[in-house]
Amino acid sequence: MTQDLITQRLDQGPLICAEGFLFELERRGYLSAGEFVPEVALLRPDALEALHRDFQHAGSDVVQAFTYNGHREKMRVIGKEELLEPLNRAALKIARKVADEKPGNLMAGNISNSNVWDPEDPATQQSVRAMFDEMVQWAVEEGADFIIAETFYYAGEAEAALAAIKAQGLPAVVTLAPMAENRMVDGPGIVETCVALEQQGASVVGLNCFRGPDTMRPWIQQIRDAVSCHVAALPVTYRTTEQEPTFFNLSDNQGCSCPAPHGRAFPTALDPLFCNRYELGAFARDAHALGVNYLGVCCGASPMHVREVAMAVGREPEAAQFAERMENHFMYGSHERLPEHIAALGVKA
């Protein structure tokens with residue numbers, strides 16, 4: 001049996017995939033928090049292309065089309081359903097363009113949680129499957145190398161997404177995003193669902209989003225032990241804990257004097273809860289040591305985080321030339337030209 005393209009690449013070593021477009025483009029001022037609709041592909045394609053290039057420069061091997069939340073139901077919510085296909089095709093074309101400019105890069109189409117899936121309602125399930133079908137079809141027509149189906153907290157919805165991808169004959173990366181119950185909302189276990197997805201034809205299974213390094217790491221170990229296919233690990237950049245396992249329920253323990261008006265840190269007041277770059281690098285090294293080759297970062301990701309992940313597993317992206325050189329810092333460096341009286345200020349700075 002001939003291996004698919006994504007499996008061939010992963011058999012050769014780590015593949016880095018930058019996600020997190022929603023948060024980063026919101027930080028840059030190109031979409032609205034809460035609503036989180038990827039209209040940037042139509043309104044400011046230059047900004048979207050720039051972020052793709054920044055992630056690529058940082059070490060991402062995958063240029064993922066920014067169609068997360070770009071499905072029919074979400075476009076209905078904001079009253080712009082007529083823009084659905086133009087938005088998807090614009091995002092796909094931008095991703096294909098950027099990927100083609102760097103030899104070895106892959107372009108991925110993207111489908112994701114619909115946030116309307118109902119395990120008790122066959123009609124809703126059919127509607128979601130139809131949304132997946134049209135988005136995958138557009139991705140095929142725009143030249144996607146494979147499809148990423150991501151951020152599923154219902155096992156049934158993840159399986160429907162995989163079926164839509166397999167119907168078009170493309171390789172599928174399927175990643176789950178379990179909520180705090182540590183199971184899928186419709187009942188199946190996390191590992192159990194990954195095993196089922198592999199059996200149904202996914203090339204890669206694993207986890208993305210919702211969980212930071214500390215609460216994703218144990219599940220990646222269990223998934224790696226349970227499946228034979230490649231495994232994906234793409235945490236958010238926030239310090240989730242056993243008590244607060246997802247970034248939805250993170251509380252700001254710094255005693256913020258100006259809390260978010262909506263009463264929780266997620267999604268616009270998470271800043272004090274960021275992981276540092278070294279935590280993301282350590283997660284990537286740990287996951288890679290377990291045999292995980294599909295690595296990346298999800299919500300909260302900046303190019304700096306992507307670079308840290310790439311370098312942690314032995315990659316040398318273009319951005320590596322700008323990795324830290326603390327030996328030349330004016331106060332904390334070790335270079336022979338740095339004056340001792342200035343370095344002495346470091347303890348009282």
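In this predicted model, helices α9 and α10 cross in a right-handed sense. Helix α9 spans residues 190-199 and helix α10 residues 213-226; their axes come within 9 Å and cross at roughly 40 degrees. That angle makes α9 oblique to α10. On the α9 side the contact is made by I190, V191, C194 and V195, and on the α10 side by W219, Q222, I223 and A226. By class, these contact residues comprise 7 nonpolar, 1 polar and no charged.

The model has 3 cavities of 30 Å³ or more. The largest cavity has a volume of about 110 Å³. Its lining consists of 16 residues, and G20, F21, L22, Y68 and E150 are the ones nearest its centre. Helix α2 (21-27) and strand β4 (146-152) each contribute at least two residues to this lining, which contains 8 nonpolar, 6 polar and 2 charged residues.

The second largest cavity has a volume of about 50 Å³. Among its lining residues are T67, N88, L92, N110, M135 and I147. At least two lining residues come from each of α6 (84-100), β3 (106-112) and α7 (122-141). The lining of the second largest cavity has 6 nonpolar and 4 polar residues, with no charged ones.

Open space is treated separately. The second largest pocket holds about 270 Å³. Of the 18 residues that line this pocket, F36, Y68, N113, F248 and F266 lie nearest its centre. The pocket lining divides into 11 nonpolar, 5 polar and 2 charged residues.

Key
Residues are numbered from 1 along each chain as its sequence is written. This is a predicted model: local features need pLDDT of at least 70, side-chain atom pairs count only at pLDDT 80 or more; totals for chains, interfaces and linings use all residues. Side-chain values use heavy atoms; hydrogens and water are left out. Axes are lines fitted to C-alpha atoms, for helices over the stretch in contact, and angles run from 0 to 180 degrees between N-to-C directions. Helices (H or I, at least four residues) and strands (E, at least two) are DSSP runs, numbered from the N terminus. Angles under 35 degrees count as roughly parallel, over 145 as roughly antiparallel, 65 to 115 as roughly perpendicular and the rest as oblique. A crossing is left-handed if the near helix is turned anticlockwise from the far one by less than a right angle, and right-handed if clockwise. Contact means heavy atoms within 4.5 Å. Ala, Val, Leu, Ile, Met, Phe, Trp, Tyr, Cys and Pro count as nonpolar, Asp, Glu, Lys and Arg as charged, and the others, Gly among them, as polar. On a 1 Å grid over the protein atoms alone, a cavity is a set of points where a 1.4 Å probe fits but cannot get out, and a pocket is an open set with protein on both sides within 12 Å along at least five of seven lines; lining residues have an atom within 4 Å of a point. Grid points are joined across faces, edges and corners, and a volume is the space filled by probe spheres set on the points.
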